Amino acid sequence: MASTANGGGGSSVPKRKPVFVKVDHLKPGTNGHTLTVKVVSANAVSQQKKSRNNSQLLGKGGGGQARIAECLIGDDTGTILFTARNEQVDLMKPGTTVILRNAKIDMFKGSMRLAVDKWGRVEVTEPENFVVNEDNNLSLVEYELVSVVEE
């Protein structure tokens with residue numbers, strides 16, 4: 001009985017406060033980002049068929065459609081393309097301010113794209129009073145994977 005008095009729930013660990021980053025601090029291959037950004041534009045890309053296995057995991061029957069949109073988002077330091085999927089597409093309306101939680105950088109044809117998977121969250125928030133810096137688009141920077149041979 002004495003073992004339960006030691007607080008066996010792990011509830012004594014305080015939650016970490018999210019550290020908000022600016023768009024110009026995003027780097028390839030990183031994840032866990034929390035940002036407040038404005039949606040500049042949103043373009044529906046294509047509707048891909050969901051695989052049968054994926055739709056069964058989601059508790060839906062048959063092969064539905066996966067909606068994808070490429071959205072240009074940004075803050076006062078720069079912009080980046082965000083890949084919105086399914087219900088995220090509905091939230092990404094031009095002019096809307098959103099908080100992206102646990103966002104990750106995906107590489108697509110050598111350029112960075114921001115994405116939020118099932119472990120993250122997209123939340124519409126109060127409008128912010130910053131002007132989006134559209135002159136610094138991080139998705140226009142092309143990266144190349146270089147192998148370094150140590151001698």
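Which residue lies over the face of F130? Keep that in mind while reading these notes; the reply comes at point 1.

A word on the model before the points. This is a predicted model, where local features need pLDDT of at least 70, side-chain atom pairs count only at pLDDT 80 or more, and totals for chains, interfaces and linings use all residues. Residues are numbered from 1 along each chain as its sequence is written, and side-chain values use heavy atoms, with hydrogens and water left out.

1. **The ring of F130.** The residue over this ring is K38, at 5.1 Å from the ring centre. To count as a charge over a ring, NZ of Lys or CZ of Arg has to be within 6 Å of the ring centre and within 35 degrees of the ring normal.

2. **Ring pairs.** How many aromatic pairs does a search of the whole structure find? The count is zero. A pair would need rings of Phe, Tyr or Trp (its six-membered ring) with centres within 6.5 Å; planes under 30 degrees apart would be stacked, over 60 edge-to-face, and the rest tilted.

3. **Salt bridges.** A salt bridge here is a side-chain nitrogen of Lys or Arg within 4 Å of a carboxyl oxygen of Asp or Glu. By that rule you get seven of them. One of them joins D90 and R67, at 3.0 Å from N to O. D90 sits in helix α2 (residues 87-91) and R67 in strand β2 (residues 65-75), so this pair ties together parts 23 residues apart in sequence. For the labels, helices (H or I, at least four residues) and strands (E, at least two) are DSSP runs, numbered from the N terminus.

4. **E123 and R101.** In this salt bridge the closest N and O atoms are 2.8 Å apart. E123 belongs to strand β6 (residues 121-124) and R101 to strand β4 (residues 97-108), so the pair ties together parts 22 residues apart in sequence. E123 is buried, at 18%, while R101 is partly exposed, at 25%.

5. **K104 and D117.** Have a look at this pair too: their side chains meet in a salt bridge at 3.8 Å, N to O. K104 is in strand β4 and D117 in the loop between β5 (111-115) and β6, so you are looking at a link between distant parts of the chain, 13 residues apart. K104 has a relative accessibility of 27% and counts as partly exposed; D117 is partly exposed as well, at 31%. There is also a network: salt bridges that share partners join R101, R121 and E123.

6. N102 is not a glycine, yet its phi is positive, about 55°. You'll find N102 in strand β4, partly exposed at 34%. K109, not a glycine either, has a positive phi of about 50°. K109 lies in the loop between β4 and β5 and is exposed, with a relative accessible area of 72%.

Key
Buried means under 20% relative accessible area, exposed over 50%, partly exposed in between (1.4 Å probe, protein chains only).
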